[in-house]
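Subject: Structure for you to look at

Hello,

Here is the structure I promised to pass on. Please open it and keep it beside this email while you read.

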Amino acid sequence: MNSSRRSFIKLLGGAAASFSILKSPDSAQATQFAGKSEAKWGMVIDLRKCIGCQACTVACSIENQIPVGKFRTIVSTYEIERYGTTHRINLPRLCNHCEKPACVQVCPTQATKKRKDGIVVVDNSVCVGCGYCIQACPYEARFINPLTRTADKCTFCLHRLEAGLYPACVETCVGEARVFGNFNDPNSKVSRLVSQYPVQVLKRAMGTGPMVFYIGLDETLSGQIKGEAVISPAGSGVEEEVV
């Protein structure tokens, strides 16, 4: 076993241990997500707080039983040069649950749908695995699940929301960089954050209206999520990139 695989297993074990001690929802929390058809769910990610630990990546994989080598969320690491100095930036990525999702438009069987609460979902009983949605998504947030042979992606952990729980990635974020909430509620934390701080989205020029907002996103990264690979973090299957 090479050192990178050992490191990943240690990371997996640590995250699993952390995930196993998550608190059960109290009665107030249990009612904050379930049955809110008037809600407009989304996420704010404060990049100033992300330490790139990948706990969110592992928690998501465990919670949603994602096949090895596939990811619903990842944290990419970029190196950006500014005035002769190189800065390292962590960029969590996931489905953006867009206002105008390109994946919905191209689905020939209407398996991909956008719910009234804003969450984009895939009906695996209807999906034929053609991959059109994967090609259409500008955020590389979808993949074909080798077990179901259908399209797979982040759902904001819909099953957890219905149980009154936060998405697994939010609940396990050690830096509390990921904040999930209802944008239709002006008093929600996500609404307050986007009103308090300048926020950016990935690939705004695509006109898809992402519902994942970033605080502290370098403008160089906002329109570009690919680059030259420099190293591969231990066992993550995710390459670091230089922009």
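Accessible area here comes from the Shrake-Rupley method with a 1.4 Å probe. On that basis, the accessible surface of the protein chain is about 12,400 Å². Carbon and sulfur atoms account for 51% of that surface. Please remember that this is a predicted model.

**The whole chain**

The protein chain has 243 residues, and 46% of them are buried. Its secondary structure consists of nine helices and eleven strands. Now take the contacts between residues at least 6 apart in sequence. Of these, 58% join residues at least 24 apart.

**A buried lysine**

Go to Lys153. You will find it in the loop between strand E7 (150–152) and helix H6 (158–161). Lys153 is buried, yet it has no salt bridge. How far away is the nearest side chain of opposite charge? It belongs to Asp152 and is 7.8 Å away.

What does the side chain of Lys153 reach instead? It comes to 2.5 Å from the backbone oxygen of Val120. Setting aside residues up to four places away in sequence, Lys153 touches Arg72, Cys95, His97, Val120, Val121, Val122, Ala141 and Arg142.

**The cysteine beside it in the list**

Cys154 also sits in the loop between E7 and H6. Is Cys154 buried or exposed? Its relative accessible area is 10%, so it counts as buried, the cut-off being under 20%. Beyond its neighbours within four places in sequence, Cys154 is in contact with Arg72, Leu94, Cys95, His97 and Val120. Cys154 and Asn64 are 90 residues apart along the chain, but their C-alpha atoms are separated by 9.1 Å.

**Two helices**

Asn64 brings us to helix H3 (residues 55–64), where eight of the ten residues are buried. Those buried residues are Ala55, Cys56, Thr57, Val58, Ala59, Cys60, Ser61 and Asn64. Gln65 follows H3 and has a positive phi, near 50 degrees.

Helix H8 (residues 189–196) is worth a look as well. Which of its residues are buried? Val190, Ser191 and Leu193 are. They cover an arc of only 160 degrees around the axis, so they lie on the same side of H8. The face turned away from that buried side carries Ser195 and Gln196, which are exposed. What covers the buried residues of H8? The cover includes strand E1 (41–46), strand E8 (178–182) and strand E9 (212–215).

Most residues other than glycine have a negative phi.

- Gln110 is not a glycine, yet its phi is positive, about 60 degrees. It is found in the loop between helix H4 (102–106) and strand E4 (112–114). Its relative accessibility is 59%, so Gln110 counts as exposed.
- Glu140 has a positive phi near 50 degrees, and it too is a residue other than glycine. It lies in the loop between helix H5 (132–136) and strand E6 (143–145). At 45% relative accessibility, Glu140 counts as partly exposed.

Best wishes

Note on methods: Residues numbered from 1 in each chain as written. Predicted model: local features only at pLDDT ≥ 70, side-chain atom pairs only at ≥ 80, totals over all residues. Heavy atoms only, no water. Helix = DSSP H or I, 4+ residues; strand = E, 2+ residues; numbered from the N terminus. Buried < 20%, exposed > 50% of the residue type's maximum accessible area, 1.4 Å probe, protein only. Lys, Arg positive; Asp, Glu negative; His and termini not counted. Salt bridge = Lys/Arg side-chain N within 4 Å of Asp/Glu carboxyl O. Polar contact = N/O pair within 3.5 Å; in protein donor to acceptor, adjacent residues only side chain to side chain. Contact = heavy atoms within 4.5 Å. Arc of directions from axis to C-beta.
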